[in-house]
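Hi,

Here is the structure for your files.

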Amino acid sequence: MPELKRLCAGHAPAVLAFELANRAYFAASVSDRGDDYFDRFTDRYDALLAEQEAGICAFHVLVAEDGSVLGRFNLVDIEDGTAELGYRVAQHVAGHGVATATVRELCRLAAQRYGLRTLRAGTARENAASQRVLTKAGFVPVGPADPADVGGKPGTWYQRDLALQRNV
């Protein structure tokens, strides 16, 4: 059974393998991270861990029984009880409810572990799969998202009030 875990230094090799294996799949719906991301992966990964340690962000990985990463689920820009949710799942598990179930679990963690009251998530208008995940996880559309916030494409912001929707 896959397990959602807080990102740690030991996850780095599996995260890199996940990003490389799914690079083309992700680039079809969001901006490609670019070669520099992979060339400087260790530095960037260490910076993420430092942000997490400072309480600015909370990064998580969905880890399969074999230790491989099935998805990344992040809470970024944590401030005043709110955060932005970001996530991506491996192509081979997409469409099987993995993202929805894990986003729901992260919503519970956001309220219980991190004391958050509100989560926001942006998605491109053409990313119907992400819209379905957010809606099934209790998010509602709240307005347009700037293309700079959703991979350079027109999009929509979704929001979930964690205090009112704990059972979703």
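Of the protein's 168 residues, 43% count as buried (under 20% relative accessible area, with a 1.4 Å probe and protein chains only). The accessible surface comes to about 8,800 Å² (Shrake-Rupley, 1.4 Å probe). Carbon and sulfur atoms hold 50% of that surface.

A note on sources. This is a predicted model, where local features need pLDDT of at least 70, side-chain atom pairs count only at pLDDT 80 or more, and totals for chains, interfaces and linings use all residues. Residues are numbered from 1 along each chain as its sequence is written, and side-chain values use heavy atoms, leaving out hydrogens and water.

The protein has six helices and seven strands (DSSP runs: H or I of at least four residues, E of at least two, numbered from the N terminus). Along the sequence the pattern reads β-α-α-α-α-β-β-β-α-β-α-β-β.

The seven strands make an open, mixed sheet, ordered β1-β2-β3-β4-β5-β7-β6. Pairing takes at least two DSSP bridges between two strands. β1 (3-6) and β6 (140-145) are the edges, each pairing on one side only. Strand-to-strand twist averages 25 degrees. β1 and β2 (residues 58-63) run antiparallel, joined by four bridges. There, Leu-4 stands opposite Leu-62 of β2.

Two helices to look at. α1 (residues 12-21) lies across β2, β3 (69-79) and β4 (82-89), at about 105 degrees to β3. α6 (residues 128-136) lies across β4, β5 (118-124) and β7 (155-161), at about 160 degrees to β5. Axes are lines fitted to C-alpha atoms, for helices over the stretch in contact (heavy atoms within 4.5 Å), with angles from 0 to 180 degrees between N-to-C directions.

Best wishes

Note on methods: Buried means under 20% relative accessible area, exposed over 50%, partly exposed in between (1.4 Å probe, protein chains only).
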